[in-house]
Amino acid sequence: MITSGFLQARNPFRIYGTALSPGGLLAAKLVALVFVIQGLWRLTDPFVPYLGIFDHVGDPKTFQHILQAVWLIAAVTLFLNVFPRVCCAVLGAVIFVALLSSDALRTNNLTYTALLFILLSLSTKQTLTTILRLQLIVLYGFAALNKLLDRGWRSGAFFESWNTVQGYGHLYHNLAGVFPGRSFSATLSWGVILIEFLLMISFVIPRLVPVGALLVVAYHSSLLFVTGSTFTMFWYALVATAIALAPWPAAPPAVVYPRRSWVRALRGLDLSRAFVWELARDAGLSLRVGDQSWRGRAAQVRIVAFHPVLYFIVYVLLASPQNPDRRWGAVLAFIAVAVATVQLLPAQLRLRRVLPITSRV
Amino acid sequence: MSVRAAVVGVLLAAQCGVAVWQHLGSTRYFAWAPNDYLMTYNLQVRVGERQLTPEEMSQRYRLSLTELLTPRMRSELSLAADERYVWQDPPSEVKDRIRKVEKRRSNGPPADVLLRYQLDAGPLRTWRWP
């Protein structure tokens with residue numbers, strides 16, 4: 001017999017009450033969803049593999065079909081909240097096997113996606129932030145170092161040529177031509193190197209992790225805005241990482257909301273049951289997490305920030321193949337970063353002597 | 001230390017090890033260097049007496065041979081007139097790919113490959129296989 005409890009447990013939008021932290025589970029579901037929508041689940045058959053073992057897997061198409069089937073089963077199971085930790089491990093491992101089996105499939109963005117799934121599977125509610133921090137230190141540290149050691153990056157030659165072959169290349173070339181030599185491109189080039197080192201440093205210092213998470217969103221969204229490209233999975237996976245690093249409440253927060261309010265729409269959208277909703281007797285809106293509570297705009301911002309379905313909607317619309325220009329996603333991300341910087345970051349950094357929204361459990 | 005923490009440690013250490021190792025050579029496999037290079041190139045492959053079409057070369061090497069370079073771009077960057085394609089990883093990785101594909105092909109006549117390329121719009125270089 002199917003009970004409401006069973007249905008709630010298998011709710012694909014659910015993020016609370018599993019072995020994974022709420023932010024970690026949401027990140028895994030968002031990335032898996034994009035992977036499916038964009039057809040990346042098709043993976044690959046072996047082609048110039050990095051390990052000799054993949055030369056002996058038998059029929060290449062059978063190998064590919066097995067990878068696809070295992071990945072899809074793990075994805076469906078993840079959305080049904082059955083053994084989410086194991087599902088994440090399988091999702092990441094299958095992508096990693098595919099990457100090792102084909103030089104043509106291997107990209108940095110798919111490597112990061114595979115690692116993100118695997119690291120989420122290895123995380124607990126206590127260790128998630130530390131594990132993701134360490135991964136981001138490695139990622140941005142080596143990305144910045146590679147640029148710093150490359151002559152083309154230091155001189156601006158790479159930056160000038162790379163931007164000139166983009167859709168906006170003519171505009172860039174004319175703008176760069178206003179300045180002497182390669183000074184314009186070299187300045188921007190060094191700016192990128194500096195930003196990536198700053199990103200690394202922000203994750204080295206635990207107190208600066210919220211700043212780093214917002215910088216990740218702003219930096220990759222600026223790349224999306226300028227180029228119009230998400231670089232396949234990079235934008236989705238790194239923004240999902242930043243979402244996982246947000247201070248998610250340990251349990252669904254309680255919302256007391258007035259009858260006539262746009263917050264009612266958010267209640268209607270709360271398919272994940274991520275809040276406990278209660279009609280207010282007066283006109284005030286409030287949000288309570290443990291022994292902390294917020295009212296008015298501070299409550300509104302936190303309800304939006306911790307509303308999983310809003311992230312699902314944005315990710316699905318952005319990843320949709322019918323959506324060739326994805327720059328609106330960058331604009332939305334800039335707005336989110338600006339609001340979070342004003343409304344959430346000071347509390348996170350304890351600048352206003354306000355405790356974080358909740359402590360991690 | 002838990003098993004999970006140990007696995008995380010191994011994964012992070014492996015990434016650092018591979019990245020440092022890759023920096024000793026000219027490739028950047030699994031080394032966190034996303035889209036850090038701009039190689040503009042042209043590829044010509046002759047098998048026996050026949051010149052392969054872009055579609056055939058694309059299938060043979062699984063390279064994305066979409067022509068992204070316009071005459072304007074070639075002119076602004078002083079690229080060679082016959083350069084058509086773009087690769088955003090080190091040139092050694094394209095050469096590696098072609099070399100490995102050709103070494104694995106046991107049947108059919110051998111291929112003569114001519115790769116002409118520029119890195120970051122620098123000097124024009126030529127690479128041949130075999």
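Trainee: Where does A:Thr111 lie?

Mentor: Helices are DSSP runs of H or I with at least four residues, strands are runs of E with at least two, and both are numbered from the N terminus. A:Thr111 lies in helix α5 of chain A. Please keep in mind that this is a predicted model, where local features need pLDDT of at least 70 and side-chain atom pairs count only at pLDDT 80 or more, while totals for chains, interfaces and linings use all residues. Residues are numbered from 1 along each chain as its sequence is written, chains are lettered from A and ligands numbered from 1 in the order in which they are written, and side-chain values use heavy atoms, with hydrogens and water left out.

Trainee: Is A:Thr111 buried or exposed?

Mentor: Buried means under 20% relative accessible area, exposed means over 50%, and partly exposed is in between (1.4 Å probe, protein chains only). With a relative accessible area of 6%, A:Thr111 is buried.

Trainee: Which residues does A:Thr111 touch?

Mentor: Contact means heavy atoms within 4.5 Å. Not counting residues up to four places away in sequence, A:Thr111 touches A:Phe96, A:Leu99, A:Arg106, B:Phe30 and B:Trp32.

Trainee: How many residues of chain A are in contact with chain B?

Mentor: On chain A there are 47, in contact with 38 residues of chain B. The size of an interface is often given as the accessible area lost when the parts come together. That buried area (1.4 Å probe, summed over both parts) is about 4,000 Å² for chain A and chain B, 64% of it on carbon and sulfur atoms.

Trainee: How many salt bridges does the rule find across the interface of chain A and chain B?

Mentor: A salt bridge is a side-chain nitrogen of Lys or Arg within 4 Å of a carboxyl oxygen of Asp or Glu. The rule finds five across this interface. One of them joins the side chains of A:Arg106 and B:Glu93, at 3.0 Å from N to O.

Trainee: What about A:Asp103 and B:Arg97?

Mentor: Their side chains also meet in a salt bridge, 2.5 Å from N to O. A:Asp103 is in the loop between α4 and α5 of chain A and B:Arg97 is in helix α4 (residues 91-104) of chain B, so the pair joins two chains. A:Asp103 is buried at 5% relative accessible area, and B:Arg97 is buried at 3%.

Trainee: Which salt bridge does A:Lys147 form with chain B?

Mentor: A:Lys147 pairs with B:Asp36, the closest N and O atoms being 2.9 Å apart. Both A:Lys147 and B:Asp36 are buried.

Methods:
Buried area = accessible area lost by both parts, 1.4 Å probe.
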